[in-house]
Amino acid sequence: MEPVRIEPVKALDEVLKMERKLAAGMRTLRELDDVDYGATDKEAIYREDKLVVYRFKGSQRPTAKVPILIVYALVNRPYMVDLQSDRSLVKNLLAQGEDVYLIDWGYPDRADRWLTLDDYINGYIDRSVDAVARHTGADRINLLGICQGGAFSLCYTALHQDKVRNLITMVTPVDFHTPDNMLSHWMREVDTDLFVDTLGNVPADLMNWCYLTLKPVRLNQQKYVGLVDILDDKAELENFLRMEKWIFDSPDQAGEAFRQFIKDFYQGNKLVKGGLHIGDREVRLGDITVPVLNIFAEQDHLVPPSASRVLGDHVGTKDYTQLAFKGGHIGIYVSGRAQREVPPAIHNWLAKRAG
Amino acid sequence: MADLPKNEWMDQWQALSRQYWAAWQELSREAAAASGTDPASVPWHEGFEQWARMFGAGDAGKQSETIERVLASARNFTAFAQAMIAAATAGQGGAPGWQEALRNGFRIPGVAATPFDNPVAQALREISGAGARSFEQMMQGLAPALDPAREAKSWLRTPAFGFLREHQEHYQKMAVALIEYQEQASRYNALILKASQRGFELFESKLAAREEPGRQIDSLRALYDLWVDAAEEAYAEVALSPEFREVYGALVNAQMRVRSQVQQEVERIATDFGMPTRSELDSIGQRLHELRRELRNGGSVSSGALAREVETLRREVAALKAALNGRTSPAKNAEAGGAAKSSPPKAQATRKRPRQAAPKKRPPAAAALRADVDEAVSAVSGPAQSPPRDRKKSPPRARTHAHAPAHAQRPATPRARKSVAKIAHTPSRVGHPVATFAERMAAFARAARRHAKPAVAAARRNQRRGGH
């Protein structure tokens with residue numbers, strides 16, 4: 001039997017339907033303004049260079065006594081955690097009674113080219129933690145690290161455990177040498193010193209190009225074929241464009257920090273192999289004895305689950321919890337399932353350790 | 001479709017194509033986009049081309065990038081669909097042969113064959129539309145600057161000499177870098193082509209798996225999605241191979257060498273015209289950054305004389321601590337003979353200290369040392385940092401001074417003295433956290449020396465007696 005049974009009339013209908021959607025979509029697209037993002041009101045509580053620490057304001061006073069500081073990755077903008085009203089990790093955490101703070105790294109330029117991981121972790125993050133502690137009066141705070149920010153949070157907690165009450169990592173790479181990690185595979189033979197010495201800061205466009213080439217046909221063609229289906233739906237189209245903006249609204253990467261991150265994490269895999277030094281101190285995951293909640297996405301093509309789930313084998317804590325989310329690297333913040341599952345899971349886990 | 005004889009299916013398809021074109025013209029009548037050609041021979045994706053012309057970048061404003069992206073993808077989708085159908089119905093008689101159509105490739109009138117011969121490469125090229133700059137594009141951007149290098153290719157085997165020797169050598173390096181990059185780009189493209197070919201193989205096998213009743217594909221979109229699955233699977237196979245890893249690294253490294261050479265040329269020209277260069281700005285930025293780090297860290301971490309002095313002090317204190325431990329640990333005390341016995345008054349005095357949490361467990365010499373350090377630190381820190389104590393409640397200090405007046409008067413070693421003098425008394429350092437730290441360190445060192453010396457002497461005596 002033939003594998004394809006496409007009736008000509010049906011095929012024609014499909015193509016015409018696509019044309020109609022396009023015709024309607026062209027009008028919709030032309031009527032749209034630039035999409036906005038950020039659903040939750042916030043105030044800046046600390047500024048330093050291009051960094052700003054925000055406190056999100058919920059509709060009610062937080063019931064949690066220990067604040068959460070979100071440490072996002074350097075490679076994308078942090079508003080993904082508060083993209084829009086119905087897709088907001090922050091909003092849902094606030095609704096659970098948490099007190100939520102966020103580090104916004106800003107957009108590094110050539111003046112930031114010499115920032116090292118020591119500057120980011122022992123400098124910016126440490127001072128942000130202090131600022132949040134001062135602002136809330138807490139002696140220790142909860143840290144929520146996301147993606148690369150999760151790796152930073154692991155380093156920070158290992159080095160400054162006296163300031164961290166609980167550590168939560170989301171889609172965080174720990175073992176960078178798992179066989180399904182395509183990004184790591186590609187970076188292994190790159191001469192990082194030559195790369196950074198030549199580029200200075202690493203351009204965001206180059207980073208995005210690299211991410212898109214992980215799945216070139218799906219991310220660059222199929223996604224937009226699918227977009228035709230929603231072209232006549234203004235609300236859906238705005239959602240799509242908001243996400244599209246986030247994907248490509250990327251900061252350049254400070255050269256020295258990028259150099260160390262690629263050499264020590266991607267190439268050397270020192271977070272699990274050992275020998276990772278931030279500043280003048282060695283990072284040992286075994287030194288982390290505070291409670292750890294590790295959340296990863298089962299369909300994550302950027303940080304494969306295998307790269308995250310090994311964390312439990314390396315941290316020193318006896319209170320380690322792991323949560324596998326059914327979704328991808330982005331879906332873990334914005335999907336409907338994520339809104340239902342992730343914030344309550346974080347809140348309940350923290351509540352059990354609030355005593 | 002599969003139930004119809006092929007010729008009949010073809011007739012029906014062509015009739016529907018005319019119908020499609022008429023429908024499209026109806027949709028786009030406001031744009032007066034009548035083509036005037038035979039509709040049956042016009043590829044369906046031409047409709048999307050017309051949309052692209054109607055809603056070009058100039059008209060679409062802020063969303064033009066999205067429009068461009070959607071149209072390109074829709075065009076590819078319909079071209080793929082029509083190509084599949086056309087190829088499958090090209091033979092005579094019988095049902096359409098999908099596998100045969102795949103083997104023959106997607107040849108579409110009006111569309112360049114290359115993208116469909118190598119759809120993965122096409123997808124990679126199209127990424128640029130999103131504002132990204134692929135390596136390929138970067139090289140295109142560099143093309144004007146590379147012209148001198150191209151001219152210099154003929155010089156590659158010529159040794160450089162004379163007044164322009166350095167320039168010639170630079171151009172030779174640039175040309176070599178460019179050639180190497182082109183070689184690596186060819187290797188990379190070959191692997192991308194391999195991924196495309198493998199994609200068609202996988203597509204065939206995925207189609208074969210759909211021959212079972214109930215699993216057939218009944219829509220163009222489902223057919224397209226299956227092809228995408230196959231293309232991505234094949235790409236991942238290749239991209240995760242050791243060969244790809246090596247080629248990818250070589251390609252990136254080769255391009256960086258070209259860029260580096262071009263940057264050097266730009267800097268040379270900038271210097272000739274008296275303009276600031278990137279290297280100069282970076283150099284200033286680096287110095288500024290190091291200065292900021294030093295200030296932020298209180299000067300204790302960065303390199304420099306101050307850091308070296310603090311490090312020296314740390315080492316001295318560590319050595320003294322080690323010596324002191326050797327004197328006070330029970331095992332070593334036994335080996336050291338009279339060393340422990342030499343300081344019973346201190347032990348006694350220590351037990352009298354009310355603020356000690358566990359005075360009986362603390363070695364007597366250590367307690368005396370701590371008392372001395374407390375006193376010294378208190379002295380240098382001032383009342384704000386260390387509240388004044390009731391001297392009547394501090395017999396250890398009195399006893400310490402009574403027992404070791406010579407040590408108390410002994411000045412620090414020249415190195416330590418210099419450190420303290422420089423750190424603690426430099427006007428700009430007064431009140432500085434580092435100065436405070438240095439003062440505490442020096443005080444600690446002085447106190448430790450006073451108490452460690454008898455222990456060290458005892459240990460040496462013991463060694464001379466044959467002890468360990």
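Q: What share of the contacts in chain A with a separation of 6 or more comes from residues 24 or more positions apart?
A: Such residues account for 80% of those contacts in chain A, where two residues are in contact if their C-beta atoms, placed from the backbone, lie within 7 Å. The model is predicted, so local features need pLDDT of at least 70 and side-chain atom pairs count only at pLDDT 80 or more, whereas totals for chains, interfaces and linings use all residues. Residues are numbered from 1 along each chain as its sequence is written, and chains are lettered from A and ligands numbered from 1 in the order in which they are written.

Q: And in chain B, what percentage of contacts between residues at least 6 apart joins residues at least 24 apart?
A: In chain B that percentage is 67%.

Q: What secondary structure do the chains have?
A: Chain A has 15 helices and twelve strands, while chain B has 20 helices and zero strands; helices (H or I, at least four residues) and strands (E, at least two) are DSSP runs numbered from the N terminus.

Q: How much of each chain is buried?
A: In chain A, 52% of the 355 residues count as buried, and in chain B, 32% of the 468 residues do. Buried means 20 or more other C-beta atoms within 10 Å of the residue's own, exposed means 12 or fewer, and partly exposed lies in between, with C-beta atoms placed from the backbone.

Q: Switching to helix α15 of chain A, which of its residues are buried?
A: In α15(A), A:A338, A:V342, A:P343, A:I346 and A:L350 are buried. Seen down the helix axis, the buried residues fall within an arc of 90 degrees, so they line one face of α15(A); the arc is that of the directions from the axis to the C-beta atoms.

Q: What about the other side, and what covers the buried residues?
A: On the other side of α15(A), A:G336, A:R340, A:N348 and A:K352 are exposed. The cover over its buried residues includes α2 (89-95), β7 (141-146) and β11 (292-297) of chain A.

Q: Which residues touch the most other members of the largest nonpolar core?
A: Of its 151 residues, A:L69, A:I70, A:V71 and A:C155 touch the most other members, a nonpolar core being a set of buried Ala, Val, Leu, Ile, Met, Phe, Trp, Tyr and Cys residues joined through C-beta atoms within 7 Å. A second, separate core of eight residues includes B:V310, B:L320, B:L324 and B:A442.

Q: What does A:C155 touch?
A: Not counting residues up to four places away in sequence, A:C155 touches A:I121, A:I278 and A:V283.

Q: Which way does phi go at A:D49 and A:N269, positive or negative?
A: A:D49 has a positive phi of about 50 degrees although it is not a glycine, and A:N269 has a positive phi near 50 degrees. Most residues other than glycine have a negative phi.

Q: Where is each one, and is it buried or exposed?
A: A:D49 lies in the loop between β1 (42-48) and β2 (51-56) of chain A and is partly exposed, with 15 C-beta neighbours inside 10 Å. A:N269 is in the loop between α10 (255-267) and α11 (270-273) of chain A and is buried, with 21 other C-beta atoms within 10 Å.
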